[in-house]
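Let's take a friendly walk through a protein model together. Have a look at the picture first, and then we will go through it topic by topic.

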Amino acid sequence: MTDLAQHRLEPDALLLLLGPRPDGAVGRWIEDGLRTAIVDGRLSAGAVLPSSRDTATALGVARGTVTTALDLLVGDGLLVSRPRAGVAVAALRGPSAASASMASDPVPAPRPARAPSVGTPDPALFPRTAWSRAVRSATAGLPDSDLGYPDPQGLPALREALADHLRQARGAQARARDVVVVSGVAQGLTLLAGLLAARGAGTSAPPRVAVEDPSSPGAVDLLLAAGLGVDPVPVDDDGLRTDLLPDASAVLVTPAHQFPLGVVLAPDRRREVLAWAGAGDRYVLEDDYDAELRYDRRPVAALQAMDPDRVVLLGSVSKMLSPALRLGWVLAPPQLVGPLVEAKTRADLGCSVPEQAALADLLRGGAYGRHLRRVRTIYRRRRAVLLDALAAQAPGLRVRGVDAGLHVVVELGSRGAEEEAVRVLAGAGVPALALSATGARPGERFGVVVGTARVRDGQVGAVVRAVRAK
Ligand SMILES: Cc1ncc(COP(=O)(O)O)c(C=O)c1O
């Protein structure tokens with residue numbers, strides 16, 4: 001593992017941890033954001049914060065505001081201030097500081113319901129009958145030998161079916177022996193981040209991963225939690241600005257449909273990102289985010305097809321079937337398969353065999369393809385209805401992204417408009433995320449990411465009102 005005592009945070013990483021900046025009370029924003037990150041473990045013991053001067057510049061606040069917030073956390077024992085070494089995260093006792101305050105209250109407070117993510121399919125369209133049938137028949141057909149601990153790499157029948165699917169649907173160079181079944185893109189990324197962090201063990205600085213800016217806040221959190229440094233790289237209409245790629249161990253990209261801006265990585269950028277990877281001992285982590293949902297043409301092929309020794313393709317059933325299944329895959333360069341399987345074994349000994357067998361049945365029997373064609377038609381129509389209404393009733397607003405996927409970005413002019421839009425959409429039951437929550441430079445770009453796949457006709461008016469609210 002990386003030596004966390006040496007782990008120095010970059011000001012940009014701090015921005016990602018704190019999330020969007022509020023209009024007022026910026027001191028509380030810094031204090032509360034750091035407190036939460038320390039208590040829930042995203043900031044590990046020993047991590048050194050940037051200087052108060054650098055932090056103030058990065059956050060666009062007065063230096064005194066930063067020092068006051070840090071002093072309060074030092075006073076609480078969550079940070080330690082060491083002469084000349086800077087301010088570092090203190091070692092907490094027990095599972096987390098939060099548990100101390102719950103010690104006298106054995107019944108934890110109920111967690112608030114998780115807001116529907118903007119990048120999720122409509123749960124009402126989950127193919128319950130086909131899935132139940134597949135689980136029943138796959139379970140009935142499993143030999144006793146498959147009911148012990150699973151092959152941690154994944155059920156061979158599923159790896160075969162996935163390799164076929166990835167070749168046909170994504171143009172990937174896929175062999176069953178290079179597929180590792182995981183519980184989703186999130187787990188695949190966590191395992192890969194652990195491998196990258198281990199490569200940096202013994203060096204003075206943690207390995208760094210370039211990420212798209214803006215990008216999925218959850219994915220960035222996973223990398224930071226693994227002890228990696230994160231370097232945000234801007235995204236424009238052609239995708240990741242490959243000319244700005246830093247010297248890093250890997251880059252995490254969503255080439256087929258960027259999250260959240262919805263652009264596609266242009267052909268020359270695809271070549272450039274591979275050239276960058278080839279020029280060093282680097283990997284491209286390709287998050288195949290909702291890639292199969294292109295409405296105007298065939299989806300662009302996976303980048304993995306162009307360099308299977310450097311590109312790691314990550315995907316899951318979360319966008320096509322349901323994130324509740326927790327099933328996904330990593331199509332890895334051959335040299336990473338062994339280490340990934342070891343990491344997967346250490347993590348959880350492997351995924352559920354009956355569920356893997358059911359997914360193999362769905363893929364082999366054609367039910368997965370039928371479901372995909374059905375939801376593609378529905379999501380395409382929902383997106384078109386919403387965009388037509390926005391064009392007619394809110395002309396002048398910029399809607400980003402190609403005709404694809406589960407979400408759309410509507411750009412807005414100010415933080416106030418963004419906050420109001422997210423509030424109104426939440427009230428209307430429409431999945432929404434502030435665009436500034438997805439970027440490393442929250443003060444620069446405002447808008448709302450709307451989960452179009454779940455917007456029914458009756459909710460279209462609410463979306464129009466929300467983005468016109470200010
Ligand atoms: C861009 C992106 N990548 C990956 C994930 C995680 O997906 P999974 O459910 O496969 O872990 C999400 C979650 O919504 C996401 O938005």
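Strand 11 and strand 12 (residues 408–412) pair in the antiparallel sense over two bridges. Strands here are DSSP runs of E with at least two residues, helices are runs of H or I with at least four, and both are numbered from the N terminus. Two strands pair if DSSP finds at least two bridges between them. This is a predicted model, where local features need pLDDT of at least 70 and side-chain atom pairs count only at pLDDT 80 or more, while totals for chains, interfaces and linings use all residues. Residues are numbered from 1 along each chain as its sequence is written, and side-chain values use heavy atoms, with hydrogens and water left out.

**The four-stranded sheet**

- In this pairing, Val399 stands opposite Val410 in strand 12.
- The open sheet has four strands in the order 11-12-14-13, with antiparallel pairing.
- Strand 11 (399–400) and strand 13 (432–434) are the edges, and each has a single partner strand, so one side of each is left without a neighbour in the sheet.
- Helix 14 (residues 415–427) lies across strand 12, strand 13 and strand 14 (446–450), at about 20° to strand 14. Contact here means heavy atoms within 4.5 Å. Axes are lines fitted to C-alpha atoms, for helices over the stretch in contact, and angles run from 0 to 180 degrees between N-to-C directions.

- Another open sheet has eight strands in the order 3-10-9-8-7-4-5-6, and its pairing is mixed.
- Strand 3 (179–182) and strand 6 (239–240) stand at its edges with a single partner strand each, so one side of each has no neighbour in the sheet.
- Strand 7 (residues 250–253) and strand 8 (residues 283–287) run parallel, joined by four bridges, and Leu252 stands opposite Leu285 in strand 8.
- Helix 8 (residues 185–199) lies across strand 3, strand 4 (208–213), strand 7, strand 8, strand 9 (311–316) and strand 10 (328–331), running at about 150° to strand 9.

- An oxygen atom of the ligand lies 2.6 Å from an N or O atom in the side chain of Ser318, and an oxygen atom of the ligand is 2.8 Å from a polar backbone atom of Val185.
- The protein covers 85% of the 400 Å² of accessible area that the ligand has on its own, by the Shrake-Rupley method with a 1.4 Å probe.

- Most residues other than glycine have a negative phi, and most peptide bonds are trans.
- The peptide bond from Asp213 to Pro214 is cis, with omega near 10°, and Pro214 is in the loop between strand 4 and helix 9 (217–225).
- The peptide bond from Phe259 to Pro260 is also cis, with omega near 5°.
- Ala25 has a positive phi, near 50°, in the loop between helix 1 (11–18) and helix 2 (26–39).

Methods: Polar contact = N/O pair within 3.5 Å; in protein donor to acceptor, adjacent residues only side chain to side chain.
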